Amino acid sequence: MSKQYKKPIIIANWKMNSSFEHCELWLDGFFNNFYQNSQKFRNITTIICPQAVLLDFIDSEIMDESLENIEQSMAEHNYKINNFNEKDIDRLLIDEKIIKIGSQDCSPELEGSFTGDISPKILYEVGCEFVILGHSERRINHNESNELISKKIISASKNNLKVILCIGETMNARENGSYKQFIKDQIISSIGNNKDLSSIIIAYEPIWAIGTGRIPKNNEIFEINEIIKMTIDYLKKQELISENLDLSIIYGGSVNSENAKSILEIEWTDGLLIGKSSLDIDEFAKICLISSEINKQ
Ligand code: PGA
């Protein structure tokens with residue numbers, strides 16, 4: 001199996017952490033790192049997924065900074081932003097956004113009497129390009145089934161959000177050997193009948209590795225990457241999903257700057273979903289720089 005090079009996708013999942021103060025400091029730190037190493041940061045795709053209430057604030061900060069950055073690089077080439085029309089500037093801002101943003105969940109519904117839920121439509125309006133769905137903390141704490149996740153995926157992708165689908169087995173399933181079937185079932189029942197889906201990021205996050213400091217061995221991650229890949233190929237052959245579906249596979253669960261390189265070097269691993277270590281900007285920036293140097297050609 002040969003593979004095309006993809007920019008590593010590095011995602012910060014802040015879960016229910018952070019505050020406006022932490023956010024500002026974190027963003028300042030991120031922008032500083034970006035300016036000092038902008039060439040390296042261009043080699044990766046970075047995404048931040050904060051609590052929903054922080055999204056608007058974070059997006060405006062990132063947009064302001066990105067616009068300033070664009071103006072500065074234009075000035076260096078003797079261009080002026082006033083010479084561009086609004087559409088071109090919007091396009092540039094999407095392409096050149098210093099860090100992209102995503103939500104940690106969304107409703108399967110677009111609007112209506114769903115107190116406490118957040119519509120994918122409003123997430124897109126607030127600047128989200130991505131949404132994490134099926135995280136084990138939502139599956140466990142909110143009883144989310146594969147069926148519900150499948151509905152959320154359809155709704156999110158119809159509203160221009162790219163889906164980061166989390167899958168992963170319990171320790172019990174790993175120990176009794178049922179984990180391979182468990183993973184296949186999760187994928188098939190979440191996206192198995194969604195021909196309109198054009199891309200998906202599947203995050204393998206074994207539940208026993210999240211927040212525990214324990215991570216699977218490299219060959220165990222590789223085995224799951226192959227299962228994911230084969231399951232997607234199977235769905236394509238059965239014509240249950242589009243044959244052009246673009247698949248990226250990432251790993252999550254106790255990732256830090258010590259283990260990031262070795263995980264990213266595993267075949268088919270296209271990126272990382274990072275919880276605890278993403279809250280510390282120095283640690284997160286370190287992981288970004290390590291990721292920018294991975295060369296799997
Ligand atoms: P962790 O969380 O990095 O703190 O283990 C990862 C996740 O749950 O996405």
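**Asn159.** I began with Asn159, which sits in the loop between helix H7 (146-158) and strand S5 (162-167). Helices here are DSSP runs of H or I with at least four residues, strands are runs of E with at least two, and both are numbered from the N terminus. I noted that this is a predicted model, where local features need pLDDT of at least 70 and side-chain atom pairs count only at pLDDT 80 or more, while totals for chains, interfaces and linings use all residues. Residues are numbered from 1 along each chain as its sequence is written, and side-chain values use heavy atoms, with hydrogens and water left out.

Is Asn159 buried or exposed? Asn159 is buried, at 13% relative accessible area. The cut-offs I use are under 20% for buried, over 50% for exposed and partly exposed in between, with a 1.4 Å probe and protein chains only. Leaving aside residues up to four places away in sequence, Asn159 touches Leu110, Pro120, Lys121 and Tyr124. A contact means heavy atoms within 4.5 Å.

**Ile122.** Next I went to Ile122, which lies in helix H5. Its relative accessibility is 47%, so I put Ile122 down as partly exposed. I also checked Ile122 against Leu110: they are 12 residues apart along the chain, and their C-alpha atoms are separated by 8.5 Å. Leu110 was already on my page as one of the residues that Asn159 touches.

**Phe284.** I then looked up Phe284 in helix H12 (residues 281-292). Phe284 has 0% relative accessibility, so it counts as buried. Which residues does Phe284 touch, not counting those up to four places away in sequence? I wrote down Ile10, Ile11, Ala12, Trp26, Phe30, Ile274, Ser277 and Ser278. With Ile10 I also noted the spacing: 274 residues apart in sequence, yet 9.2 Å apart in space from C-alpha to C-alpha.

Phi of Lys15 is near 50°, a positive value in a residue other than glycine. Ser18 is found in the loop between S1 and H1 as well. For Ser18, phi is near 85°, again positive and again not in a glycine. Ser18 is partly exposed, with 24% relative accessible area.

**Salt bridges.** How many salt bridges does a search of the whole structure find? I got 17, where a salt bridge is a side-chain nitrogen of Lys or Arg within 4 Å of a carboxyl oxygen of Asp or Glu.

- Asp105 pairs with Arg138, the closest N and O atoms being 3.2 Å apart. This pair links distant parts of the chain, 33 residues apart: Asp105 is in the loop between strand S3 (100-103) and helix H5 (120-125), and Arg138 is in helix H6 (residues 136-141). Asp105 is buried at 17% relative accessible area, whereas Arg138 is partly exposed at 24%.
- Glu169 meets Arg174 at 2.8 Å, N to O. Glu169 is buried at 0% relative accessibility, and Arg174 is buried at 13%.
- Glu265 meets Lys261 at 2.8 Å, N to O. Glu265 is partly exposed at 44%, and Lys261 is partly exposed at 45%.

I also followed a network of salt bridges that links Asp105, Arg138, Glu144 and Lys152.

**The whole chain.** Last, I stepped back. The chain has 12 helices and eight strands, and its C-alpha trace spans about 60 × 45 × 40 Å along the principal axes. I compared the radius of gyration, 19 Å, with the value near 19 Å for a compact globule of 297 residues, and the two agree. That radius is taken over C-alpha atoms, and the globule rule is 2.2 Å times the number of residues to the power 0.38.

Buried residues make up 49% of the 297 residues. Of the contacts with a separation of 6 or more, 77% are between residues 24 or more positions apart. On charge, I have 31 positive and 45 negative side chains, with the centres of the two sets 7 Å apart. Lys and Arg count as positive and Asp and Glu as negative, with His and the chain ends not counted. Each charge is placed at NZ of Lys, CZ of Arg, CG of Asp or CD of Glu.
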